[in-house]
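Welcome, and take a moment to settle in with the view below.

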Amino acid sequence: LIVAIVGGTNIGKSVIFNHLAGEVASAATPLAAGTKHPVCLAPPGHNDPALLGRLFEPFELQPWRGPDDAVQESASNWLFWRVGRNVPGRLVLVDAPDIDSDVTVNWGRARAIRQTADVLIAVLTQQKYNDAAVKEFFREAVASDKPIVVAFNFCDLVADREYWPQWLAQFCGETGARPELVYLMPYDREAANQLRLPFYRVDSMAETGVDSAMAAAPATCLREEL
(Lines give C-alpha, C1' and ligand atoms only; values in the text may rest on other atoms or scores of the structure.)
Protein backbone atom coordinates (compact mmCIF):
# COMPACT_ATOMS: atom_id res chain seq x y z
CA LEU A 1 0.00 0.00 0.00
CA ILE A 2 1.62 3.24 -1.17
CA VAL A 3 0.62 6.08 1.15
CA ALA A 4 1.62 9.62 0.13
CA ILE A 5 1.54 12.64 2.44
CA VAL A 6 0.47 15.60 0.28
CA GLY A 7 -0.60 19.20 0.77
CA GLY A 8 0.37 22.85 0.54
CA THR A 9 3.46 24.73 1.66
CA ASN A 10 4.66 24.99 5.24
CA ILE A 11 1.86 22.95 6.86
CA GLY A 12 3.82 20.16 8.51
CA LYS A 13 3.72 17.40 5.87
CA SER A 14 7.25 16.25 6.66
CA VAL A 15 6.51 16.28 10.38
CA ILE A 16 3.55 13.97 9.81
CA PHE A 17 5.65 11.80 7.49
CA ASN A 18 8.29 11.47 10.22
CA HIS A 19 5.64 10.52 12.77
CA LEU A 20 4.36 7.78 10.47
CA ALA A 21 7.95 6.66 9.83
CA GLY A 22 8.77 6.65 13.53
CA GLU A 23 12.02 8.48 12.79
CA VAL A 24 13.30 11.69 11.21
CA ALA A 25 13.62 10.69 7.56
CA SER A 26 12.61 13.97 5.90
CA ALA A 27 13.80 17.45 6.89
CA ALA A 28 11.08 19.43 8.65
CA THR A 29 11.74 23.14 8.22
CA PRO A 30 9.66 26.25 9.03
CA LEU A 31 10.63 27.61 5.60
CA ALA A 32 8.03 27.32 2.83
CA ALA A 33 8.61 24.96 -0.12
CA GLY A 34 11.16 23.00 1.87
CA THR A 35 10.45 19.57 0.37
CA LYS A 36 11.55 19.62 -3.27
CA HIS A 37 11.98 15.90 -3.91
CA PRO A 38 9.89 12.99 -2.63
CA VAL A 39 11.24 10.76 0.11
CA CYS A 40 10.18 7.12 0.13
CA LEU A 41 10.46 4.59 2.95
CA ALA A 42 9.91 0.94 2.08
CA PRO A 43 9.18 -1.76 4.68
CA PRO A 44 11.96 -4.04 5.93
CA GLY A 45 12.62 -6.88 3.51
CA HIS A 46 11.49 -4.83 0.50
CA ASN A 47 14.76 -3.22 -0.55
CA ASP A 48 14.27 -3.82 -4.25
CA PRO A 49 15.16 -0.65 -6.21
CA ALA A 50 13.98 -2.28 -9.46
CA LEU A 51 10.46 -2.65 -8.07
CA LEU A 52 10.43 0.90 -6.73
CA GLY A 53 11.74 2.11 -10.07
CA ARG A 54 8.76 0.54 -11.82
CA LEU A 55 6.32 1.98 -9.27
CA PHE A 56 7.81 5.49 -9.41
CA GLU A 57 8.66 5.53 -13.10
CA PRO A 58 8.80 9.35 -13.57
CA PHE A 59 11.59 9.59 -10.98
CA GLU A 60 15.29 8.85 -10.84
CA LEU A 61 15.81 6.81 -7.69
CA GLN A 62 18.57 7.97 -5.36
CA PRO A 63 19.79 6.27 -2.18
CA TRP A 64 18.70 8.18 0.93
CA ARG A 65 21.68 9.69 2.74
CA GLY A 66 20.02 11.99 5.27
CA PRO A 67 16.93 14.09 6.08
CA ASP A 68 18.23 17.03 4.03
CA ASP A 69 18.15 15.09 0.75
CA ALA A 70 14.63 16.29 -0.01
CA VAL A 71 15.47 20.00 0.21
CA GLN A 72 18.26 19.98 -2.40
CA GLU A 73 17.92 22.21 -5.43
CA SER A 74 17.95 20.22 -8.66
CA ALA A 75 16.17 20.17 -11.99
CA SER A 76 16.30 16.35 -11.91
CA ASN A 77 13.26 14.44 -10.68
CA TRP A 78 14.92 12.59 -7.83
CA LEU A 79 13.19 10.27 -5.39
CA PHE A 80 15.24 9.45 -2.31
CA TRP A 81 14.52 6.07 -0.78
CA ARG A 82 15.62 3.55 1.80
CA VAL A 83 14.11 0.91 4.07
CA GLY A 84 12.25 2.35 7.06
CA ARG A 85 13.12 0.64 10.31
CA ASN A 86 9.61 1.09 11.73
CA VAL A 87 7.51 0.86 8.57
CA PRO A 88 4.97 -1.98 8.78
CA GLY A 89 5.18 -4.75 6.21
CA ARG A 90 3.43 -4.02 2.89
CA LEU A 91 3.31 -0.27 3.62
CA VAL A 92 5.30 2.26 1.56
CA LEU A 93 5.40 5.85 2.85
CA VAL A 94 6.10 8.85 0.62
CA ASP A 95 6.66 12.49 1.59
CA ALA A 96 5.62 14.54 -1.46
CA PRO A 97 6.71 18.04 -2.55
CA ASP A 98 4.37 20.99 -2.07
CA ILE A 99 1.40 21.23 -4.37
CA ASP A 100 1.01 25.03 -4.33
CA SER A 101 4.47 26.57 -3.98
CA ASP A 102 6.12 29.16 -6.21
CA VAL A 103 8.55 26.40 -7.22
CA THR A 104 6.38 25.13 -10.05
CA VAL A 105 8.52 22.06 -10.73
CA ASN A 106 7.20 20.77 -7.40
CA TRP A 107 3.68 20.60 -8.83
CA GLY A 108 4.60 18.03 -11.46
CA ARG A 109 6.49 15.94 -8.92
CA ALA A 110 3.53 15.99 -6.54
CA ARG A 111 1.13 15.01 -9.34
CA ALA A 112 3.39 12.11 -10.30
CA ILE A 113 3.33 10.90 -6.70
CA ARG A 114 -0.45 11.27 -6.63
CA GLN A 115 -0.74 9.10 -9.72
CA THR A 116 1.32 6.30 -8.13
CA ALA A 117 -0.12 6.42 -4.60
CA ASP A 118 -2.90 4.13 -3.41
CA VAL A 119 -3.90 6.44 -0.55
CA LEU A 120 -3.41 10.19 -0.12
CA ILE A 121 -3.08 11.79 3.29
CA ALA A 122 -4.32 15.33 2.68
CA VAL A 123 -2.65 17.62 5.20
CA LEU A 124 -4.79 20.72 5.67
CA THR A 125 -4.72 23.77 7.93
CA GLN A 126 -6.97 26.72 8.60
CA GLN A 127 -4.89 28.71 6.09
CA LYS A 128 -4.74 26.03 3.36
CA TYR A 129 -8.04 24.13 3.30
CA ASN A 130 -9.54 26.71 0.93
CA ASP A 131 -6.45 27.40 -1.20
CA ALA A 132 -7.27 27.27 -4.92
CA ALA A 133 -4.23 25.18 -5.93
CA VAL A 134 -4.83 22.75 -3.07
CA LYS A 135 -8.47 22.29 -4.02
CA GLU A 136 -7.60 21.76 -7.69
CA PHE A 137 -5.05 19.08 -6.75
CA PHE A 138 -7.61 17.17 -4.75
CA ARG A 139 -10.36 17.61 -7.34
CA GLU A 140 -8.05 15.76 -9.72
CA ALA A 141 -7.42 13.14 -7.03
CA VAL A 142 -11.17 12.63 -6.58
CA ALA A 143 -11.60 12.35 -10.35
CA SER A 144 -8.99 9.56 -10.25
CA ASP A 145 -10.90 7.84 -7.44
CA LYS A 146 -8.02 8.10 -4.98
CA PRO A 147 -8.89 7.29 -1.36
CA ILE A 148 -8.21 10.33 0.84
CA VAL A 149 -7.43 10.61 4.55
CA VAL A 150 -7.71 14.17 5.89
CA ALA A 151 -5.28 15.36 8.58
CA PHE A 152 -5.99 18.85 9.95
CA ASN A 153 -2.75 20.18 11.42
CA PHE A 154 -2.07 23.13 13.76
CA CYS A 155 -5.51 22.90 15.41
CA ASP A 156 -6.58 24.48 18.67
CA LEU A 157 -8.71 21.57 19.86
CA VAL A 158 -10.85 23.83 22.05
CA ALA A 159 -11.09 27.14 20.19
CA ASP A 160 -11.43 25.52 16.75
CA ARG A 161 -14.05 22.95 17.74
CA GLU A 162 -16.88 24.78 15.98
CA TYR A 163 -14.76 25.79 12.99
CA TRP A 164 -12.88 22.71 11.75
CA PRO A 165 -16.10 20.90 10.75
CA GLN A 166 -16.90 23.94 8.62
CA TRP A 167 -13.40 23.94 7.08
CA LEU A 168 -13.78 20.26 6.32
CA ALA A 169 -17.26 20.72 4.88
CA GLN A 170 -16.07 23.47 2.52
CA PHE A 171 -13.02 21.49 1.42
CA CYS A 172 -15.13 18.41 0.71
CA GLY A 173 -17.89 20.40 -0.93
CA GLU A 174 -15.53 22.11 -3.35
CA THR A 175 -13.37 19.08 -4.17
CA GLY A 176 -15.91 16.26 -3.99
CA ALA A 177 -13.70 14.44 -1.47
CA ARG A 178 -15.29 12.00 0.95
CA PRO A 179 -12.49 11.16 3.38
CA GLU A 180 -12.03 7.60 4.58
CA LEU A 181 -10.69 8.95 7.89
CA VAL A 182 -10.28 12.38 9.48
CA TYR A 183 -7.69 13.40 12.08
CA LEU A 184 -6.88 16.52 14.08
CA MET A 185 -3.41 17.42 15.33
CA PRO A 186 -2.76 20.28 17.77
CA TYR A 187 -0.15 22.99 17.30
CA ASP A 188 2.71 21.81 19.50
CA ARG A 189 6.17 22.40 18.06
CA GLU A 190 7.99 20.63 20.89
CA ALA A 191 5.84 17.51 20.54
CA ALA A 192 6.25 17.63 16.76
CA ASN A 193 10.05 17.82 17.01
CA GLN A 194 10.09 14.91 19.47
CA LEU A 195 7.80 12.74 17.29
CA ARG A 196 5.10 12.58 19.94
CA LEU A 197 2.45 14.73 18.32
CA PRO A 198 -0.99 13.24 19.11
CA PHE A 199 -3.36 12.28 16.29
CA TYR A 200 -7.04 12.57 17.20
CA ARG A 201 -9.33 10.55 14.97
CA VAL A 202 -12.83 11.95 14.51
CA ASP A 203 -16.00 10.37 13.19
CA SER A 204 -16.06 9.77 9.46
CA MET A 205 -18.31 11.59 7.02
CA ALA A 206 -22.01 11.13 7.45
CA GLU A 207 -23.95 10.03 4.39
CA THR A 208 -25.25 13.53 3.77
CA GLY A 209 -22.07 15.44 4.51
CA VAL A 210 -19.97 16.44 7.49
CA ASP A 211 -21.60 15.90 10.85
CA SER A 212 -21.10 19.13 12.77
CA ALA A 213 -21.30 17.19 16.01
CA MET A 214 -18.03 15.30 15.35
CA ALA A 215 -15.85 15.36 18.44
CA ALA A 216 -12.25 14.39 18.99
CA ALA A 217 -11.65 10.87 20.26
CA PRO A 218 -8.62 9.73 22.31
CA ALA A 219 -5.28 10.03 20.54
CA THR A 220 -4.55 7.16 18.17
CA CYS A 221 -1.68 5.84 16.05
CA LEU A 222 -2.23 6.61 12.40
CA ARG A 223 0.59 4.29 11.34
CA GLU A 224 -1.11 1.32 13.01
CA GLU A 225 -4.46 2.21 11.47
CA LEU A 226 -2.95 2.41 8.00
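Leaving aside its neighbours within four places in sequence, which residues is Lys36 in contact with? Keep that question in mind while you find the residue, and remember that what you are looking at is a predicted model. Lys36 sits in the loop that runs between α1 (13-21) and β2 (39-42). Its relative accessibility is 11%, and because buried means under 20%, Lys36 counts as buried. Now for the contacts: once neighbours within four places in sequence are set aside, Lys36 touches Ala70, Val71, Gln72, Glu73, Pro97, Asn106 and Arg109.

Two of those partners deserve a visit of their own. Glu73 belongs to the loop between β3 (60-63) and β4. Is Glu73 buried or exposed? With a relative accessible area of 66%, Glu73 is exposed, whereas Lys36 is buried. Glu73 also lets us look across the chain: Glu73 and Thr35 are 38 residues apart along the chain, and their C-alpha atoms are separated by 9.8 Å.

Beyond its neighbours within four places in sequence, Asn106 is in contact with Thr35, Lys36, Pro97, Asp98 and Ser101. Notice that Pro97 is found among the contacts of Lys36 and also among those of Asn106.

Let us step back and take in the whole protein. Seven helices and 10 strands can be found in it. The protein has a radius of gyration of 16 Å, close to the 17 Å that the globule rule gives for 226 residues, so it is as compact as a globular protein of that length. Taken along the principal axes, its C-alpha atoms fill a box of roughly 45 × 30 × 30 Å. Of the 226 residues, 52% are buried. Among contacts in the protein with a separation of 6 or more, 70% are between residues 24 or more positions apart.

Next, we can follow some helices. Two packed helices are described by the angle between their axes and the distance between the axes. Begin with helix α3 (residues 105-116) and helix α4 (residues 132-143), whose axes come within 11 Å and cross at roughly 25°. That makes α3 roughly parallel to α4, and the crossing of α3 past α4 is right-handed. On the α3 side the contact is made by Ala110, Arg111 and Arg114, and on the α4 side by Phe137, Glu140 and Ala141. Sorted by class, this contact has three nonpolar, no polar and three charged residues.

Helix α4 also meets helix α5 (residues 164-175), and here the axes come within 9 Å and cross at roughly 55°. How are α4 and α5 oriented to each other? They are oblique to each other, and α4 passes α5 in a right-handed crossing. Val134, Lys135, Phe138, Arg139 and Val142 of α4 meet Phe171, Glu174 and Thr175 of α5. The residues of this contact divide into four nonpolar, one polar and three charged.

Arg139, one of the α4 residues in that contact, leads us to another place in the chain. Leu197 lies in the loop between α6 (189-193) and β9 (199-202). At 7% relative accessibility, Leu197 counts as buried. Apart from its neighbours within four places in sequence, Leu197 is in contact with His19, Asn153, Met185, Pro186, Asp188, Ala191 and Ala192.

Finally, a word about the backbone. Most residues other than glycine have a negative phi, and most peptide bonds are trans. Asn10 has a positive phi, near 55°. Asn10 is placed in the loop between β1 (2-7) and α1, and at 40% relative accessibility it counts as partly exposed. Arg90 has a positive phi as well, near 70°. You will find Arg90 in the loop between β4 (78-83) and β5 (92-95), where Arg90 is exposed, with a relative accessible area of 70%.

Conventions
Residues numbered from 1 in each chain as written. Predicted model: local features only at pLDDT ≥ 70, side-chain atom pairs only at ≥ 80, totals over all residues. Heavy atoms only, no water. Axes fitted to C-alpha atoms, helices over the stretch in contact; angles between N-to-C directions. Helix = DSSP H or I, 4+ residues; strand = E, 2+ residues; numbered from the N terminus. Parallel < 35°, antiparallel > 145°, perpendicular 65-115°, else oblique. Left-handed = near helix turned anticlockwise from the far one by under 90°. Contact = heavy atoms within 4.5 Å. Nonpolar A, V, L, I, M, F, W, Y, C, P; charged D, E, K, R; others polar. Buried < 20%, exposed > 50% of the residue type's maximum accessible area, 1.4 Å probe, protein only. Rg over C-alpha atoms; globule rule 2.2 N^0.38 Å.
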